[in-house]
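Please keep the sequence and the 3D view open while reading.

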Amino acid sequence: MNELTQGFIGFCQDLMASRAGYGDSSSGIFKKHPNLKADQYNRSQTMTNTTQSIEMPSQELLNDQFASLDLTDRIRALYDYFDKEEVLVTTSFGNNSAVLLRLVSEVQPEQKVHFINTGFHFPETLKYRDELVRLLNLNLAEVSPSAQMYELTHQRRFWEKYPDTCCYLNKVLPLEPLKERHKVWMSGLTGFQTDHRQKLQIFEPPLFGEKINRFNPLVDRTEAQIRQFRQSQNLPSHPLEVRGYGSVGCWPCTACAPGRDGRWKDKAKTECGLHTNLHNTEFS
Ligand code: SF4
């Protein structure tokens, strides 16, 4: 057994131990919104189980309230409930990432924006990252798997036979500590991208085993609306988009094709797992 394999086994043991306590989803997350009347709280199911539910608007109410707002006002209204330190913003610097980044940079310029750098991004994506950071003056923070994990993934080419495990180890897991430290996760998912995303609402409660709520301010916007926003704001395009890539992720799992057809091409997989309940099942 070589050093890398030993390291991987140790890592998996640590991981299983660290996940043993999962399942507690209790957290009091929402501050009372000044514009909501008392009887608007607890109208129905709250977004998390909490002993402070009197302070929480229901998910239904939040979604009703936010649905009628334009994109900028949705982002603004989120900060009526949360401090910027409580908000986790992630971006992939993909084709439509500039939309959310433009909105966040305008409303909350100091907001930290996280990029999961797996080490498997196209050079064009890193160039696009740098361009958007400069243009929008982003407060960027990168999250990465360990050098050992990168090396192991690279040597074993996990993405070929075990793409779920690969995404879990290189994307999902590095973000876990950040999810623990924040109360709501803002990302730029849009419903037109996949069947799974089509079913999402603006506010989503924590997934099983998690505490963090999800905020998807773009989720009900059509592809045409997103395109129109990008044009109206004069936002630059990802260099690979102009070469025919409808969606761009890690290079081993991205082919040149329309829409998301080029992601994990010829595999059943359609989501990396950050926004689904992906666990490391392929090796278990
Ligand atoms: S997108 Fe591909 S290379 Fe990137 S983490 Fe997932 S399976 Fe691995």
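Six strands form an open sheet in the order β3-β2-β1-β4-β6-β5, with mixed pairing; two strands count as paired if DSSP finds at least two bridges between them. The edge strands are β3 and β5 (203-204), each of which pairs on one side only. The model is predicted: local features need pLDDT of at least 70, side-chain atom pairs count only at pLDDT 80 or more, and totals for chains, interfaces and linings use all residues. Residues are numbered from 1 along each chain as its sequence is written.

**Overall make-up**
- The chain has 10 helices and six strands; helices (H or I, at least four residues) and strands (E, at least two) are DSSP runs, numbered from the N terminus.
- Of the 284 residues in the chain, 34% are buried. A residue is buried if 20 or more other C-beta atoms lie within 10 Å of its own, exposed if 12 or fewer, and partly exposed in between, with C-beta atoms placed from the backbone.
- Among contacts in the chain between residues at least 6 apart in sequence, 68% join residues at least 24 apart; a contact means that the two C-beta atoms, placed from the backbone, lie within 7 Å.

**Strand β1**
- Five of the five residues of β1 are buried, so this strand is largely enclosed by the rest of the structure.
- Both of its faces are covered, with V87, V89 and T91 buried on one side and L88 and T90 buried on the other. In a regular strand the side chains alternate between the two faces of the sheet.
- β1 (residues 87-91) runs parallel to β2, joined by three bridges. T90 stands opposite H114 in β2, and T91 has F115 as its bridge partner there.
- β1 also runs parallel to β4 (residues 184-186), again through three bridges. L88 stands opposite W185 in β4, and V87 has V184 as its bridge partner.

**Strand β2 and the crossovers**
- Four of the five residues of β2 (residues 112-116) are buried, so the rest of the structure largely encloses this strand.
- From β1 the chain passes through helix α4 (residues 97-107) to β2, in a right-handed β-α-β crossover. Right-handed means that, with the strands pointing away from the viewer, the path from the first strand over the helix to the second runs clockwise.
- Five bridges join β2 to β3 (residues 139-143), and the two strands run parallel; K112 stands opposite N139 in β3.
- The chain goes from β2 through helix α5 (residues 123-136) to β3, and this β-α-β crossover is right-handed.

**Ligand shell**
- The ligand is surrounded by 13 residues, the closest being W159, C166, C167, C250 and C253.
- Helix α8 (residues 163-181) supplies the largest share of the shell, five residues.
- By class, the shell has nine nonpolar, three polar and one charged residues. Ala, Val, Leu, Ile, Met, Phe, Trp, Tyr, Cys and Pro count as nonpolar, Asp, Glu, Lys and Arg as charged, and the others, Gly among them, as polar.

**Residue S58**
- S58 lies in the loop between α1 (3-19) and α2 (59-67).
- S58 counts as partly exposed because it has 19 C-beta neighbours inside 10 Å.
- S58 and F203 are 145 residues apart in sequence, and 9.9 Å apart in space, C-alpha to C-alpha.

Definitions and conventions. Near = placed C-beta within 6 Å.
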